[in-house]
Amino acid sequence: MADNKKLLVQLLRLAIVGDVENPKTFANMDWLGIMEELANQTVLGVVWGGVEACPALASLLSIDDKLEFFGQTRKIVERNKEVNKALADVVSTLNAAGINSILLKGQGCASFYPNPMYRSPGDIDLLVGKDNFHKAQECLKEAGLVGDWIHEDIMHGMLSCDDVTLELHKYPAFLMTKKTDDSFQDVVRKCLQQDYSRCPRIRINDADVALLPVELNTVFTFFHMFKHFVGSGIKIRQVVDWLVMCKSIGDKALLAQYVKDFGIEHAWKVFAQMAVEHIGVPASQVPLYEAGYSKKAEKVLRVLLKGDMLDLTTEENPSLWKKIRYATNLYVAHLRSLGTFPKESILSIGVLLRINVGKYLLGKMK
């Protein structure tokens with residue numbers, strides 16, 4: 001592993017655990033080169049938060065390096081302010097209309113970090129459920145917050161909220177088999193409906209934003225991460241999100257039951273070993289960790305450090321040929337994980353087929 005990659009892995013431990021084993025390792029290092037790696041993996045801000053909190057490490061940076069690190073992190077903070085405003089406006093509007101919503105990923109994951117504003121933000125994903133899906137869009141459109149659908153399929157729809165992308169979800173995700181998916185949807189539906197008042201909340205600006213309970217939220221975050229890992233690829237930020245959330249687990253037996261019921265035990269344990277063995281996260285902070293997956297864990301880390309991702313951007317009205325090419329690229333991408341996750345890769349292709357056949361051949365949106 002190249003030196004910058006090794007140091008990057010140590011800095012991931014800093015972001016997750018809050019310390020480094022030997023700060024002197026970072027003396028005379030190429031901080032600008034490391035910052036480029038961190039930015040590419042969208043973990044620059046959370047690592048800067050760790051550097052700030054570690055005087056022994058911070059003292060090794062020159063003033064110029066600190067200014068560059070801080071300046072790039074300020075851009076992340078300013079973007080978070082924009083996303084938070086959009087999120088607060090949307091949730092407040094839905095709350096006033098009596099429409100339940102649960103925040104998935106994104107700013108919800110950020111709330112588990114010491115400084116949520118340092119996490120690189122993305123889109124806003126809100127679960128509103130199938131029954132309230134179009135009602136929520138109409139409510140937000142009447143309030144002048146969104147326009148028409150940019151994209152819609154059987155799982156969610158995409159809207160523009162100023163310069164922030166909002167995805168309204170009928171379902172949070174589709175799991176890999178009917179049995180596991182039915183189990184998952186039942187648990188999530190109960191949170192959105194009967195148990196909604198008991199869901200944890202975070203305060204974003206002046207809005208109370210509901211999250212899934214932490215055990216369910218952590219498992220969902222892992223599944224979403226893993227689904228993209230075997231498909232389009234992920235940035236290391238998604239792994240860090242999962243590991244930071246793992247530290248907040250209270251009911252480990254409930255989490256273990258979810259992992260089993262949702263069919264992700266093998267994938268979870270591979271990533272857990274990667275976190276403990278290669279990143280240096282204490283085993284006590286990674287639920288369900290056990291040895292025995294070293295070779296696969298090493299493969300996963302190599303893929304993560306490459307940072308390759310499939311470009312999923314599409315034209316607003318692509319031709320049939322471009323739709324076919326886009327879909328083919330996505331299916332082919334799953335083949336790269338066959339050696340490490342053969343069963344999961346094949347099942348994930350099945351989920352893609354279900355979504356794409358439903359949308360493009362059957363015109364199914366519900």
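Predicted model: local features only at pLDDT ≥ 70, side-chain atom pairs only at ≥ 80, totals over all residues.
View 1. Glu-82 is partly exposed, at 39% relative accessibility. Arg-79 is also partly exposed, at 26%. Arg-74, Glu-78 and Lys-81 are linked in a network of salt bridges. A search of the whole structure returns 18 salt bridges.

**View 2. The salt bridge between Asp-125 and Lys-105.** The N to O distance is 3.5 Å. This pair links distant parts of the chain, 20 residues apart. Asp-125 belongs to strand S2 (residues 124-127). Lys-105 lies in the loop between strand S1 (102-104) and helix H6 (106-110). Asp-125 and Lys-105 are both buried.

**View 3. The salt bridge between Asp-208 and Arg-203.** The closest N and O atoms lie 2.9 Å apart. Asp-208 is partly exposed, because its relative accessibility is 41%. Arg-203 has a relative accessible area of 51% and counts as exposed.

**View 4. Phe-184 and Phe-220, one of 19 aromatic pairs in the structure.** The ring centres are 6.3 Å apart. The planes meet at 10 degrees, so the pair is stacked. Phe-184 comes from helix H8 (residues 178-192) and Phe-220 from helix H9 (residues 214-229). The contact therefore ties together parts that are 36 residues apart in sequence. Phe-184 and Phe-220 are both buried.

**View 5. The edge-to-face pair of Phe-229 and Phe-341.** Centre to centre, the rings are 6.1 Å apart, with 85 degrees between the planes. Phe-229 is in helix H9. Phe-341 is in the loop between helix H14 (320-333) and H15. The two residues are 112 residues apart. Phe-229 is buried at 4% relative accessibility, and Phe-341 is buried at 0%. Both belong to a cluster joined by ring pairs, together with Phe-222, Phe-226, Trp-242, Trp-268 and Phe-271.

**View 6. Charged side chains over aromatic rings.** Lys-170 lies over the face of Phe-133, 4.7 Å from the ring centre. Arg-201 lies over the face of Tyr-196, at 4.5 Å from the ring centre.

**View 7. A nonpolar surface patch.** Val-332, Leu-335, Leu-338 and Ile-346 make a patch of about 340 Å². Ile-346 lies in helix H15, residues 342-361. Ile-346 counts as exposed, at 54% relative accessibility.

Definitions and conventions
Residues numbered from 1 in each chain as written. Heavy atoms only, no water. Salt bridge = Lys/Arg side-chain N within 4 Å of Asp/Glu carboxyl O. Buried < 20%, exposed > 50% of the residue type's maximum accessible area, 1.4 Å probe, protein only. Helix = DSSP H or I, 4+ residues; strand = E, 2+ residues; numbered from the N terminus. Patch = residues over 30% accessible without salt bridge, like charges linked within 9 Å, V, L, I, M, F, W, Y side chains within 5 Å. Areas by Shrake-Rupley, 256 points an atom, 1.4 Å probe, with all protein chains shown as cover. Phe/Tyr/Trp six-rings, centres within 6.5 Å; stacked < 30°, edge-to-face > 60°. Lys NZ or Arg CZ within 6 Å of the ring centre and 35° of its normal.
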